[in-house]
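Reader: Please take me through the labels used for this structure. For each one I would like the value, the cut-off and the conclusion.

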Amino acid sequence: DPDRKEVLARGRMAGVKGWMVAGVRPSDWDKQASLLVHPDVFVAYGIHPHVAAHWSQAELDDGMEQLQTRRGLAVGEIGLDSSKYVPRESLETQLKAFRMQLAWARAIDLPVILHILGPHGLTLKTLKQDGLPRAGGMRHSYSGSAELVKEYERLGLYISFSGSITRPNARRPRASAAVVSPHRLLVETDCPDQRPSGRPPGRNLPEYLVDVVSAVAEARGERAAVVADRCAKNAQTLYGL
């Protein structure tokens, strides 16, 4: 909050043309909406699996009621997480939240922003059974295998890479970035998390997006300017801008 204008200005100076701020929990959504005073900031509303993991059925039902009063450019972040960040026994609750939000996205035909950390098999099974909205969606901060890229693409998803691809040991993200179809490629920061390797300690910043672009370009054997332009156009297509 204290330095948001400065952060946006520095991002614009670095070449960032727009921001998509993804949702986490209903209590944050009004603050997200307040960012729309900036013409280059866009929002998505969703219930993050880290939040859904701790909710009762009543809380989930209430959250879905609130979600149905919101219209962003996408529904998200939604998905599944089997990492150390959530209770192991919470996957069933997460799956309920995931399927309910997928159904809502299909009903209003908005793309989805998917947070998937761990259960790729269950995710693919759910997406194939339930279906995506016609508008499709994106796999946020992809670090899965190159073999799974085409499975996600066949479902109609874009594949997005974040600061994790800049790490010296990031062999899997780099291999995946190399095989993503040009018209399905995206980049992101995941601010304030996943600060690119080599940047000063502290939070991640939008201006660091240039590091992600460079790392993706290197993995694909392409020029950074080509990757940046392509990803900007892909984002515009995905979000209907």
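**Labels and the values behind them**

Author: Lys233 and Asp229 lie 4 residues apart in helix H10 (residues 224-239), which means about one helical turn separates them. The model is a predicted one.

Reader: What makes the meeting of Lys233 and Asp229 a salt bridge?

Author: The limit is 4 Å between a side-chain nitrogen of Lys or Arg and a carboxyl oxygen of Asp or Glu. For Lys233 and Asp229 the N to O value is 3.1 Å, so the pair qualifies.

Reader: Why are Lys233 and Asp229 called partly exposed?

Author: Lys233 has a relative accessibility of 48%, and Asp229 has a relative accessible area of 40%. Buried requires under 20% and exposed over 50%, so both values fall in between.

Reader: Which salt bridge links distant parts of the chain?

Author: That of Lys128 and Glu151, with 3.0 Å from N to O. Lys128 belongs to helix H6 (residues 120-130) and Glu151 to helix H7 (residues 146-154), and 23 residues separate them.

Reader: How do you know whether Lys128 is exposed or buried?

Author: The relative accessible area of Lys128 is 52%. The cut-off for exposed is over 50%, so Lys128 is exposed.

Reader: What is the distance in the salt bridge of Arg25 and Asp28?

Author: The closest N and O atoms are 3.4 Å apart, which is within the 4 Å limit. Arg25 is partly exposed at 35% relative accessibility, and Asp28 is partly exposed at 28%.

Reader: How many salt bridges does the structure hold, and which residues are linked in a network?

Author: There are 16 salt bridges. Asp1, Arg4 and Lys31 are linked in a network of them.

Reader: Turning to H6, what makes His120 buried?

Author: His120 is located in helix H6. Its relative accessible area is 16%, and buried means under 20%, so the label applies. Leaving out neighbours within four places in sequence, His120 is in contact with Arg139, Tyr142, Gly144, Leu148 and Tyr152.

Reader: Why are the buried residues of H6 said to be on the same side?

Author: The buried residues are His120, Thr123, Leu124, Thr126, Leu127 and Asp130. They cover an arc of only 160 degrees around the axis, which puts them on the same side of H6. As a general point, an α-helix has 3.6 residues a turn, so residues three or four places apart point the same way. The face turned away from the buried side of H6 carries the exposed residues Gly121, Lys128 and Gln129.

Reader: What do the buried residues of H6 pack against?

Author: They pack against S3, helix H5 (91-108), S4, S5, H7 and S6. After H6 comes Gly131, with a positive phi near 90 degrees.

Reader: How do you know where the buried residues of helix H8 (residues 171-179) lie around the axis?

Author: Pro173, Ser176 and Ala177 are the buried residues of H8. Their arc is only 100 degrees, which puts them on the same side of the helix. They pack against H7, strand S6 (157-161) and H9.

Reader: Why do strands S3 and S7 count as edges?

Author: The open sheet has 5 strands in the order S3-S4-S5-S6-S7, paired in parallel. S3 (75-81) and S7 (185-187) each have a single partner strand, so one side of each has no neighbour in the sheet. On average, neighbouring strands are turned by 30 degrees against each other, direction ignored.

Reader: What makes S4 and S5 a pair?

Author: Strand S4 (residues 112-117) and strand S5 (residues 137-139) run parallel and are joined by 3 bridges. Pairing needs at least two bridges, so the two strands pair. Leu114 stands opposite Arg139 in S5.

Reader: Which residues of the largest nonpolar core touch the most other members?

Author: Of its 50 residues, these are Val75, Val112, Leu114, Tyr152, Phe161 and Val216. Helix H9 (residues 209-220) gives the most to this core, with 6 residues. Another core, of 8 residues, lies apart from it, and includes Ala44, Ile113, Tyr158 and Tyr239.

Key
Residues numbered from 1 in each chain as written. Predicted model: local features only at pLDDT ≥ 70, side-chain atom pairs only at ≥ 80, totals over all residues. Heavy atoms only, no water. Axes fitted to C-alpha atoms, helices over the stretch in contact; angles between N-to-C directions. Core = buried A, V, L, I, M, F, W, Y, C linked by side-chain atoms within 4.5 Å. Buried < 20%, exposed > 50% of the residue type's maximum accessible area, 1.4 Å probe, protein only. Contact = heavy atoms within 4.5 Å. Arc of directions from axis to C-beta.
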